[in-house]
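Load the model, show the chain as a cartoon, and keep the selection panel at hand. The tour below moves from one selection to the next.

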Amino acid sequence: MMIFCLETITCALLFLSSFVTTYPADLEKGRRRVVHVMEDDTGAVIVQTAPGKVVTHRGGTITLPCRYHHEPEDVEPNRIRIKWTKVSDAFQFEDVFVALGRQQKAFGSYRGRVSLEQAGPGDASVIIHNITLEDYGRYECEVTNDMEDDTGFVNLDLEGVVFPYYPPSGRYKLNYHQAEEVCRQQDAILASHAQLHKSWLEGLDWCNAGWLEDGSVQYPISHPRDQCGRKDSPPGVRNYGYRHKDDERYDAFCFTSNLNGRVYFLKRFKKVNYLEAVKACQRDDAMIAKVGQLYAAWKIQLLDRCEAGWVEDGSIRYPIVNPRARCGGQEPGVRNLGFPDKKFRLYGVYCFRRNTDVQSTQAPQETTSKPANSTRSI
C-alpha cells in the first residue's frame, strides 16, 4: 500500500497484524509487524504496511495505529492537530477524539475511554479502553498542520457471533428501527455485511431475510434448496438491497461479542414456568440470560448443554458445541424451540452471572489547558 504525502505532512497508517486481542496496551507494542518508511528521489514518502485490521473483543483494550512523517522536521509539535473520526457505511461521521499540542478531548460515548498512545514523535495512535459493540467499524485518522492535512483509515473488528433473530410475534414483523431495538434488548447490535459474510463462510445457513446495520436486507445460504431461492443457485449471501426502514418488515441479524460474566444452566429438581425461571436466577444472584448472551457463551465460552431452558425473551433454547444423538441435529449451534406459553412448567432456565472481580480500565483524564504559545482551539 502506498500513500504519497502532501507538501508538508503525511499521515501513514501502520496496521496491526490480523488478530490483536491483548488487554493491556503495552503488550501490543511487541506484536506489530515491521513497517519500512523511506523517501524516493522526489522526496515523497513511501509507506509499506502490514495488511489487515485490528481485532479485539467487547471489554478489551486496543490501539488504533496511525503515524505521520513531517517535512520539514522542525515544525512546532503544538501546531499539529490530530483528529479521529468514525465513518459509517452510509458515510456518516462521528467525532471520536481530537488533540492539539497538550490539549485532548474525546466525544460522546468515547469520553473517558480514549487517549493518545504517545509512543514517540510522529505517533498519532489512540488507545480505546473498555471496547463496546458499538465501537466496531472504520476509523479515520487525520493529521493537520495549518492548512495541510492527510488522512488514513483503520478497521476495528470484534471477535463474536452473528445470530438470526425474530420476536415472539413471529417472522417478518420488524422494521429497521424495531430490528435495532430487539438486537439491543438481547445484548447485541445489528450485524454488518462483513460480519454476516464471515459467518456464512463459517457455515451459517438461514432461510429468512433480515435487516443489517447499513439498512440492507440479506440472508446467508450455505446449502441451496428450492425453499430458499433455487436449488441450482450457488451458495452465498442473498441481498435484497437497501429497503424502506419504516414500512418494510423482516427479521434481524444480530451480532454480539465477549461476555463480562458466565452463562450457565441452573440445575433444579423440577421444571419451571417463565416467571419461576426469572425468580430462580435472581435467587442465585444472577439474571435470566438474554439470547445474545447464550450465543456468546456457545461461540466463545463453548457452552454445550443438551437441556432446553428459558431465556429472557420467552423462547426455549439450548447450546450444542458437539452434536450428538438426541440433541437436535448434526450441526453445532443454538437450538431454538420457539416461544411456548409462559405458564408451561416443561423446561429449565439459562442464567447469566456478571463478573464482579474485573476492574475497568479508563483512559487518562483529558486536558483542556492551553500551551503558552497556542492561540488556536481544538
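Select E140 first. In this predicted model, E140 is buried but forms no salt bridge. The nearest side chain of opposite charge belongs to K83, 6.9 Å away. A salt bridge would require a side-chain nitrogen of Lys or Arg within 4 Å of a carboxyl oxygen.

Then show what E140 touches, leaving out neighbours within four places in sequence: K83, W84, T85 and V87, together with T151, G152 and F153.

Where is the centre of the largest pocket? Select K86, Y136, G137, S192 and E213, which lie nearest its centre among the 39 lining residues. The volume of the largest pocket is about 1100 Å³.

To see which elements form the lining of the largest pocket, colour these, each of which supplies at least two residues:

- strands β7 (80-87) and β8 (93-100)
- strands β12 and β13 (148-158)
- helix α2 (176-185) and strand β15 (189-190)
- helix α3 (193-201)

Which element gives the most to this lining? Strand β13 does, with four residues. Coloured by residue class, the lining of the largest pocket shows 16 nonpolar, eight polar and 15 charged residues.

Stay with helix α3 and select Q195, which is located there. Q195 is buried, because its relative accessible area is 6%, and buried means under 20%. Apart from residues up to four places away in sequence, Q195 touches Y136, V162 and F255. Y136 was also selected above, as one of the residues nearest the centre of the largest pocket. For a distance check, pick the C-alpha atoms of Q195 and C254: they are separated by 9.6 Å, and the two residues are 59 residues apart along the chain.

Now move to the second largest pocket, which holds about 850 Å³ of space. Of its 28 lining residues, L204, W298, P332, G333 and V334 are the closest to its centre. How many residues come from β14? It contributes five, the largest share. By class, the lining of the second largest pocket divides into 15 nonpolar, seven polar and six charged residues.

Conventions:
Residues are numbered from 1 along each chain as its sequence is written. This is a predicted model: local features need pLDDT of at least 70, side-chain atom pairs count only at pLDDT 80 or more; totals for chains, interfaces and linings use all residues. Side-chain values use heavy atoms; hydrogens and water are left out. Buried means under 20% relative accessible area, exposed over 50%, partly exposed in between (1.4 Å probe, protein chains only). Lys and Arg count as positive and Asp and Glu as negative; His and the chain ends are not counted. Contact means heavy atoms within 4.5 Å. On a 1 Å grid over the protein atoms alone, a cavity is a set of points where a 1.4 Å probe fits but cannot get out, and a pocket is an open set with protein on both sides within 12 Å along at least five of seven lines; lining residues have an atom within 4 Å of a point. Grid points are joined across faces, edges and corners, and a volume is the space filled by probe spheres set on the points. Ala, Val, Leu, Ile, Met, Phe, Trp, Tyr, Cys and Pro count as nonpolar, Asp, Glu, Lys and Arg as charged, and the others, Gly among them, as polar.
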